[in-house]
Amino acid sequence: MSAAAALDTARPALPVLQEKGQREVFCGLTGIVWLHRKIQDSFFLVVGSRTCAHLIQSAAGVMIFAEPRFATAIIDERDLAGLADMNDELDQVVDRLIARRPDIRLLFLVGSCPSEVIKLDLSRAASRLSRRFSPAVRVLNYSGSGIETTFTQGEDACLASLVPILPAEAPNAAKSLLVVGALAEVVEDQMARMFEIMGVGPVRFLPPRRATDLPAIGPGTRYLLAQPFLADTARALEARGASRIAAPFPLGEEGTTLWLQAAAHAWGIDPDRFQAATAIGRERARQALARYTGRLTGRRVFFFPDSQLEIPLARFLARELSMELVEVGTPYLHRQHLADELAMLPPDTRLSEGQHVDRQLDRCRAEKPDLVVCGLGLANPLEAEGLTTKWSIELLFTPIQGYEQAADLAELFARPLVRRARLEV
Amino acid sequence: MKLTVWTYEGPPHVGAMRIATAMEGVHYVLHAPQGDTYADLLFTMIERASKRPPVTYTTFQARDLGGDTAELFKTSAQEAFDRFQPQAMLVGASCTAELIQDDPGGLARALGLPVPVVALELPSYQRKENWGAAETFYQLVRAMAGPSAPPPGSQRPARQPGIRARCNVLGPAALGFRHRDDVREITSLLNRMGIDINVVAPLGATPADLARLGDADFNVVLYPEIASQAAAWLQRMFGQPMVKTVPIGVGATRDFVREVAEIAGVDPTGILSAETSRLPWYSRSVDSNYLTGKRVFIFGDATHAIAAARIATQELGFTVVGLGTYSREFARELREAAKLYDVEPLITDDYLEVEEHVVRLQPELVLGTQMERHIAKRLSVPCAVISAPVHVQDFPARYSPQMGFEGANVIFDTWVHPLMMGLEEHLLTMFRDDFEFNDDEAPSHLHNAGAAPMRAEETVVPAVAEAAALTTDRPVLWAQEAERELKKIPFFVRGKARRNTERFAEQAGLNTITIETLYDAKAHFGR
């Protein structure tokens, strides 16, 4: 495979600019905005402050759902002053919630900055409530607090909390593949079909679409990360005996091919069969991508840290669309999970980890990139300064993985540039 | 601990941000964990601000908690000062930093910055956004204007003859519901009355502007939720009277003109006879007959809700069936207003409770916030938004004030537009089984026609199961043919007819409602 040959793992590690200062990022609670739609019989109850409630509501933006599957148990001064027993209070809130929503099968108690700082033990609360509502409702807990998690790490914490309750695979079960990370349903279905054609299977997905449909796991489980921000989940899976199939992430034609190929290797699939299975998808992705190369080739892109998707995205833009990487910022760099991605980046890529937003803005303004990938707090102000931006949260809410979405992903980056070119006002 | 699905107000530090962001030359250093920076997007996305809010967050993480978060605060404050060179700084803590008790005020003092530093104490577990905005504005006004206050007890010198009266316009802030346009409308009204504007604050004001607030003869408080505390202090310290009427609606605008004229010593008759709105004539024109007695539910911040109730009753001829606010600080004012319309005041910040009320009251129009818009949408009840919390739609590109005479025009259009037009309503009543035009259709001038509606009357929303139980748990039964007859009544009055008939049956001690009962009740209650 030519793509595999491109992996230059022997190359010395790229230098990383370590930044410390104001971080203009979401906390892990934000993951609830997509997770509550992904697992259809789940509910997310944040135990936190009014700020937490306001954050999720605002991050969800205009997407005010008829009946969201999330809510906040807002801690008030009575709780803090010890006038009310917080555990009793929490139990009452959960009672009210479950009475209102009898369809809930899985309830996540989500820790927040305040609940972590006052050391409210949500794991005890979860097991107490689980006993009480068992078997109808299972109660788990994880922390989405800003002091511990950045944006997508909330999904990591959520999935990691699911791992201990996954059923155990039968002792001599055949090898199985677990695809880990929340994906759009259309993407999951495409991948499932692709694995089936290749002869890789059985394939399961984490998180499942329904909490009653948890995938079994055991020493025969090989897992493939579909998202780059799942460090804790990976650790938890390995503690249950599963082992990781190292691969780049399925973004772009090349990323998708290498990702699928890693699974094919693990299953010992004949290279011809792999070629046959992927040829149509690869060709279609390449054709569709060609439409955007003209618009993106040679354009200079600057990534502010946000979702941890930055490095795979940068790799895709640099290698498949010939964009020039000015700076690739990531909130956190997991060197092991991103080893293949890092090896594929152009050798002089400037990486930064962490953030000092004002200094980074200085660098960005000085560089005058053609496109800035950043969060919602920065996008309009940068546009007003004359820069063109792609707001990054959209990359989490859009199906972007796999062959059929490769061009959609390119289009997300091309659109702001096209728009800028069209407007004459 | 309280179960909250949606919140009407953010935490108090967001209120402080609304003041800092509205102003020029102010910088706010907020001790807060990472994630709290989400608040920036309220301004940059909802209001489409072209600048970042002037806020530096310390964004501490778990690993900082073991170390020195106080030092982190000091570094952040110093760096922010060096970089942004503000005329005044605000310092404070968000909810999490409040728990770690680092004392931002003391830490900032220790830096000895060469500008006024206002330390904000905003109890996050007790107070909310509007309170935080009011407190921040008050503290800033005190800090900046305080030094020039006359000695206590001194008399305010009378204005020299021939000099135009000057006033401050207080309250407009960032993320305010139509504040931008209200300021323009009211400023121009005051100017036409022969009154000059000394300072508009906080919107567009600098700390130096706040320092000269005392130069004005009086204060106009446009948004009591934000400015009444500061205005009360200015009244005490500078002897500046305050105009309390909020000019939303034709009647209130006229009252406002009279009150201003009285305080400023100008003659209002010219303005009152020359200035007008189209609302009074549009409301009197015969096509508006169908608006008569429309049952309207009103919820919002206290100022807008109270104003809306007056307009609804006196200027549009609606019937107010519910009136409420999430502004607990103004509960007294709202209770008094509710008495005028003989309705139970609803003082709550619980979205679910508001929803239960809407379901129970079965209004024909909801005037509320973005939250009520969702309730109304789900129940297929027409709705217009009258108050914050704001949404990107509440920052229209066009000039669209709520206040003054033009504001009354905007309100007429906004509230009447979602309703079914009069003749259309009649045709539906006469021919309700027409396959192309029946009461499952939206009004023909609205573009969401064809959406499958869910009527308040037959709602299946789980959220309101309790409320529904309350209304159906009655011993009175509907005979089948009476139920069928009820269905012939268009949906927008069906709920009222059902409720009236059941009430009538109960009072008459009937167990079963027949067609006769239905018409007896109709005769008894009238339409």
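Modeller: One term to begin with: buried means under 20% relative accessible area, with a 1.4 Å probe and protein chains only as cover. Also, this is a predicted model.

Biologist: Fine. What share of chain A is buried, then?
Modeller: Of its 425 residues, 63% are buried.

Biologist: And how many helices and strands in chain A?
Modeller: Chain A has 17 helices and 14 strands. Its radius of gyration is 22 Å, and the globule rule gives 22 Å for 425 residues, so chain A is as compact as a globular protein of that length.

Biologist: What box do its C-alpha atoms fill?
Modeller: Roughly 65 × 60 × 40 Å, along the principal axes.

Biologist: What about contacts along the sequence of chain A?
Modeller: Take the contacts between residues at least 6 apart. In chain A, 75% of those join residues at least 24 apart.

Biologist: Surface and charge on chain A?
Modeller: Chain A exposes about 15500 Å², with 51% of that from carbon and sulfur atoms. There are 48 positive and 52 negative side chains. The centres of the two sets lie 2 Å apart.

Biologist: Switching to chain B. How many residues, and what share is buried?
Modeller: Chain B has 527 residues, and 60% of them count as buried. Its secondary structure comes to 23 helices and 16 strands.

Biologist: And the accessible surface of chain B?
Modeller: About 21500 Å², of which carbon and sulfur atoms hold 52%. For contacts in chain B with a separation of 6 or more, 72% are between residues 24 or more positions apart.

Biologist: Now the interface. How much area do the two chains bury between them?
Modeller: About 5400 Å², and 59% of it is on carbon and sulfur atoms.

Biologist: Which residues of chain B lose the most area there?
Modeller: B:Met1, B:Leu3 and B:Trp6. Together they make up 18% of what the chain B side buries.

Note on methods. Residues numbered from 1 in each chain as written. Chains lettered and ligands numbered in written order. Predicted model: local features only at pLDDT ≥ 70, side-chain atom pairs only at ≥ 80, totals over all residues. Heavy atoms only, no water. Helix = DSSP H or I, 4+ residues; strand = E, 2+ residues; numbered from the N terminus. Rg over C-alpha atoms; globule rule 2.2 N^0.38 Å. Buried < 20%, exposed > 50% of the residue type's maximum accessible area, 1.4 Å probe, protein only. Contact = heavy atoms within 4.5 Å. Areas by Shrake-Rupley, 256 points an atom, 1.4 Å probe, with all protein chains shown as cover. Lys, Arg positive; Asp, Glu negative; His and termini not counted. Charge placed at Lys NZ, Arg CZ, Asp CG, Glu CD. Buried area = accessible area lost by both parts, 1.4 Å probe.
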